[in-house]
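Hello,

Here is the structure I promised to send over. Have a look at it first, and my notes follow below.

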Amino acid sequence: MRRRTQAERTRVTTGELIETALRLFGRDGYAATSIDDIARESGMTKGAVYHHFAGKADVFRAVFVRQEERLAELIAAASTGTDDPREAVRLGALAFLRACAGPEVRRIVLLDGPAVLGWDGVREIEYEHTLKLLRTGLEVAADQGGIAPGDVTVRAHLIFGALCEGGMLIARADDRAAVLTAVLAQAERLLDALI
């Protein structure tokens with residue numbers, strides 16, 4: 001059996017810490033989760049956490065990136081059921097909104113992300129994952145003549161802004177299921193107009 005390299009061990013340990021922190025931040029929120037909690041729940045020492053991360057905000061940033069990667073995978077999977085690029089964008093957008101009702105997306109991406117990372121920090125990460133995916137989908141639709149001509153980047157930002165606001169409505173609702181249903185219905189209309 002081959003021994004792991006130091007880089008492989010580091011990657012595994014960092015991954016375990018991120019997964020533990022994702023679960024804790026998603027369940028309890030940023031403010032209620034400590035480095036001690038992350039260390040204890042991952043079966044590591046506090047020193048091990050600080051060896052891999054500068055502090056709690058650094059751990060949260062890594063968790064936010066991981067959550068954005070997962071959202072992008074979910075959106076991509078939802079949009080693969082069709083050959084119509086316009087429909088693919090619509091399916092991906094609706095999948096994003098449905099994900100906003102989930103506890104980890106709700107807490108990490110929508111509620112704590114802007115407070116911990118700031119608007120610029122959140123958008124920087126989204127540019128590389130979910131927003132990038134939307135823009136790419138619109139570019140494909142434009143290249144195939146599936147959407148009206150126009151500035152795809154501006155359109156992507158407008159749609160993404162509307163989706164994020166819809167996600168915030170869902171995240172802050174007392175009755176998330178009812179608000180999700182209402183947001184999905186209105187998003188369908190909006191998407192018909194914008195894509």
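Which residues of helix 8 are buried? They are Val 152, Arg 155, Ala 156, Ile 159, Phe 160, Leu 163, Cys 164, Gly 166, Gly 167, Met 168, Ile 170 and Ala 171, where buried means under 20% relative accessible area with a 1.4 Å probe, protein chains only. Please keep in mind that this is a predicted model, in which local features need pLDDT of at least 70, side-chain atom pairs count only at pLDDT 80 or more, and totals for chains, interfaces and linings use all residues. Residues are numbered from 1 along each chain as its sequence is written, and side-chain values use heavy atoms, leaving out hydrogens and water.

Helix 8 runs over residues 152-172; helices here are DSSP runs (H or I, at least four residues), numbered from the N terminus. Among the elements covering its buried residues are helix 5 (85-99), helix 6 (103-128), helix 7 (130-143) and helix 9 (176-194), with contact meaning heavy atoms within 4.5 Å.

In the largest pocket, helix 4 (56-78), helix 5, helix 7 and helix 8 each supply at least two lining residues. That lining has 21 residues, with Ile 75, Ser 79, Ala 88, Leu 133 and Gly 137 nearest the centre.

The lining of the second largest pocket includes Cys 164 and Met 168, and helix 6 gives its largest share, 7 residues.

Best wishes

Terms used
The expected span of a helix is 1.5 Å times one less than its number of residues. Buried means under 20% relative accessible area, exposed over 50%, partly exposed in between (1.4 Å probe, protein chains only). On a 1 Å grid over the protein atoms alone, a cavity is a set of points where a 1.4 Å probe fits but cannot get out, and a pocket is an open set with protein on both sides within 12 Å along at least five of seven lines; lining residues have an atom within 4 Å of a point.
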